Amino acid sequence: MTEQGFTTGVLHSDRREPEQHRAVHRPMYTSVAYAYADPEDLIKVFQGEMSGYVYGRQGTPTSSALEAKLNLMEQGVATACFSTGMAALAATFLALLRAGDHVVSSAFMFGNTNSLFATLCNLGCEVTFVDATDRAELEQALRSTTRMVFVETIANPCTQVADLAGIGALCAARGVLYVVDNTLTSPYLFRPAQVQAGLVVNSLSKYIGGHGNALGGSVTDTGRFDWRSFPNIAEQYRGKDARLWGITQIRKKGLRDMGATLQAESAHRLASGAETLALRMDRICQNAATLAQYLSTHRAIERVYYPGLEQHPQHRRARELFAAYGGLLGIELRAGCDPLRFLKQLRVIICSSHLGDNRTLAIPVAQTIYWEMGPERRHSMGISDALIRLSIGIEDSEDLIKDCAEALAAASR
Ligand SMILES: *Cc1c(COP(=O)(O)O)cnc(C)c1O
């Protein structure tokens, strides 16, 4: 399968197995229960000796089909899907960490993940936040109790690019589990396995689904981490194949025990959306680059954060690591240009907190998604009150430029 192109694989990988009535799409299995004529078979499934389904909370053939597709995209060993990206992150952290464990995380990240780390601290974990664009700073934070290093590929909203390869080499040398949130790049632009990440998390609600009509999340084990060196795997999940220890525990805890199950209907929508990931991403990245270039010379704009711009501090790193620079832009408006008036004047671009949609979305970040963090943390993250995050979609680029130009002019008056 690996010799086929990205999109061919996504479109045709799940047609290798026979389906009912020659259906090209996988059917949506909404059944909660699974029946066994022979109780011996049910026992074998429960005891892991036979593959099969027992109860919808633990997964369905529909979520399995999506898992296989994502596993192919990330070239992983195994993938587990969850109800949301946050559920995938929570399942990963709660399944693998124990009280007394230490985590090193990038300080630049998705706001809800930051809040989730606060929950982990309440449960007895310790988290150190570092500037992950700087490998040396991250290395300094490592302790003997560090069980996990966590980074995002492109950070929200100022688009910092972590030293993904340097941190990967460091984690490999120290035997620390390296978890990468690949949501902003998606497996089409970047595969964290190539920088030795052990686990890759994707929010499927964003680029992979793409249409803003379904929530989902996934965790992929890349096979790069040796779970035999990880002390927090319970005896019952240490099966014959040690590569599956981590994902088995994440799946059992996250799905079976916590119930963060992906609905079959969502899995189906996400799988359909994933078919066009490469096409959408090409267009999104092209639009984002065009808009970043335009806005970076606009007199109402103080600053544009976009890894594709040569003046971006990690532009070279992004060029080396990613197939393109993604669809997220941060723009800081000049003093004379009112951010809220700018947003009100937009006619095409939608004011919304989502990202990775087909439609271009804009949000004032300090007042919304980073509000709970408080002014000090926002300041340390470089988030000003005039910062607007744009998530670029697949519209015609001329329309996006015209929309921005007219709204900036109106807001500057
Ligand atoms: C949106 C997002 C998440 C959470 O995903 P949901 O599907 O919305 O729960 C996690 N990480 C990043 C980087 C995100 O952008």
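I began with helix H12 in this predicted model, and found that H12 lies across strand S8, strand S9 (328-333) and strand S12 (387-391), running at about 15 degrees to S9.

I then traced the sheet itself, which is open and has five strands in the order S8-S9-S12-S11-S10, with mixed pairing. Strand S8 (301-305) and strand S10 (350-351) stand at the edges with a single partner strand each, so one side of each has no neighbour in the sheet.

Next I looked up the nonpolar cores. The largest has 76 residues, and Leu164, Tyr178, Leu295, Phe342 and Leu390 are those with the most contacts inside it. Helix H12 (residues 277-296) gives the most to this core, with nine residues. Apart from this core lies another, of 37 residues, which includes Phe93, Met109, Leu120 and Trp245.

Last, I turned to helix H3 (residues 61-74) and helix H11 (residues 264-274), whose axes come within 8 Å and cross at roughly 30 degrees. With angles under 35 degrees counted as roughly parallel, H3 and H11 are therefore roughly parallel to each other, and H3 passes H11 in a left-handed crossing. At this contact I recorded Thr62, Ser63, Leu66, Lys69 and Met73 in H3 meeting Ala264, Ala267, His268, Leu270, Ala271 and Ala274 in H11.

Note on methods
Residues are numbered from 1 along each chain as its sequence is written. This is a predicted model: local features need pLDDT of at least 70, side-chain atom pairs count only at pLDDT 80 or more; totals for chains, interfaces and linings use all residues. Side-chain values use heavy atoms; hydrogens and water are left out. A nonpolar core is a set of buried Ala, Val, Leu, Ile, Met, Phe, Trp, Tyr and Cys residues joined through side-chain atoms within 4.5 Å. Buried means under 20% relative accessible area, exposed over 50%, partly exposed in between (1.4 Å probe, protein chains only). Helices (H or I, at least four residues) and strands (E, at least two) are DSSP runs, numbered from the N terminus. Two strands pair if DSSP finds at least two bridges between them. Contact means heavy atoms within 4.5 Å. Axes are lines fitted to C-alpha atoms, for helices over the stretch in contact, and angles run from 0 to 180 degrees between N-to-C directions. Angles under 35 degrees count as roughly parallel, over 145 as roughly antiparallel, 65 to 115 as roughly perpendicular and the rest as oblique. A crossing is left-handed if the near helix is turned anticlockwise from the far one by less than a right angle, and right-handed if clockwise.
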